[in-house]
Amino acid sequence: MATREAPVTAAVTSVGAALDPATARTWLGQMLLIRRFEEKAAELYSAGKIRGFLHLSIGEEAVSVAAMGALTLADNVVSTYREHGHALVRGVPPGPLMAELFGKANGASRGRGGSMHIFDVSRRFYGGNAIVAGGMPMAVGLALADRLQQRPAITTCLFGDGAVAEGEFHESLNLASLWRLPVLFVCENNYYAMGTALDRHQAETDITRKGAAYRIPSVAVDGMDVIANAEVARHAAEQVRRSGGPFLLECRTYRFRAHSMYDPELYRSKEEVEQWKRRDPIVLFRERVEKDAVLTGAELEALDREARDATDQAVAFAEAGEWEPVADLLKDVQARESPCA
Ligand SMILES: Cc1ncc(C[n+]2csc(CCOP(=O)(O)OP(=O)(O)O)c2C)c(N)n1
Ligand SMILES: [Mg+2]
């Protein structure tokens, strides 16, 4: 069973920052939408409505809220296969997102991508990438393109702790630093890559130290604390904008569910999972909102109802969608003419 040493760098935690009702409503509403949407997706998977791979980010909602909240719509986002939360906060509507999970033609990627390949060019959301660390060189390329075209935008690149074992992680950090490209690298460190604990595949488990090795300013934050995470992400994004160079933000978090829908979870103890669940980002934030009387009990209930209603409407949208006609299945698979001819 995995045992973890405390990382060398302490994670930033929030220190009593004041909360305003509008922000509380936004953050709680977004986290609840992700939670209810994914709980429903798990149910629909068991019912056979959703097939293929399905990776849930339940427990990691604060990271989505923080990372996406630091951006403007002119910025680019490159994500992983655990991306429903990122997509929802970025503004991909729940209906097309759910329809994509169903594989319907009204899905965000026209039913061609499924859960791991949510794509929305209008929101500069460039996947949904199934390959571990596969999005990282793409993010560096997007930032390079922006630099060459003098577009004043930054690119946020999300990746898991498992990605740090890949060559693409090192190549991407190195080039982004060497060429001073505006990339905000956001590591969702949930301490596991499928069934392998971080300290079973990395000699150095402090991911900020890997960023520092490439001379990238790197900070770790408590990813279960939406207030701290959002504050640090905002500073990180501002620094990328101001300096034009990269930044690495390590968000220390935990997934409460299995890696995907097929995973007996033999690599971690129930006690460990329960311990992390006591720091559920939604519960923690709701407690803080109640303690400071930022929102009333009725407002809190209404937020949860809205998240459930939006999820139900998304399911209805997906159910009403059509399958792509069989005659179209080969469309867009191969170019009609070779560009080299
Ligand atoms: C290059 C590559 N190798 C292996 C896999 C199989 N695989 C899928 S998910 C995963 C674990 C990745 O873990 P992490 O990056 O920590 O992300 P998390 O699932 O924890 O969000 C692996 C090894 C893959 N998709 N791509
Ligand atoms: Mg992981």
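In what order do the five strands of the open sheet stand? Before I answer, please note that this is a predicted model.

The order is S1-S2-S3-S7-S6, and the pairing is parallel. Strand S1, residues 76-78, and strand S6, residues 218-222, stand at the edges. Each of these two has a single partner strand, so one side of S1 and one side of S6 have no neighbour in the sheet. On average, neighbouring strands of this sheet are turned by 20 degrees against each other, with direction ignored.

Let me take one pair from the sheet. Strand S2 covers residues 155-160 and strand S3 covers residues 183-189; the two pair in the parallel sense over six bridges. Within this part of the structure, Leu158 stands opposite Val186 in S3.

I turn now to the helices. Helix H2, residues 61-69, packs with helix H9, residues 226-243, at an angle of about 25 degrees. Their axes are 8 Å apart. H2 passes H9 in a right-handed crossing.

Which residues meet in this contact? From H2 they are Ala62, Val63, Val65, Ala66, Ala67 and Gly69. From H9 they are Val226, Asn229, Ala230 and Ala233. Sorted by class, the contact of H2 with H9 has eight nonpolar residues, two polar residues and no charged ones.

Methods: Residues numbered from 1 in each chain as written. Chains lettered and ligands numbered in written order. Predicted model: local features only at pLDDT ≥ 70, side-chain atom pairs only at ≥ 80, totals over all residues. Axes fitted to C-alpha atoms, helices over the stretch in contact; angles between N-to-C directions. Helix = DSSP H or I, 4+ residues; strand = E, 2+ residues; numbered from the N terminus. Left-handed = near helix turned anticlockwise from the far one by under 90°. Contact = placed C-beta atoms within 7 Å. Nonpolar A, V, L, I, M, F, W, Y, C, P; charged D, E, K, R; others polar. Pairing = 2+ DSSP bridges.
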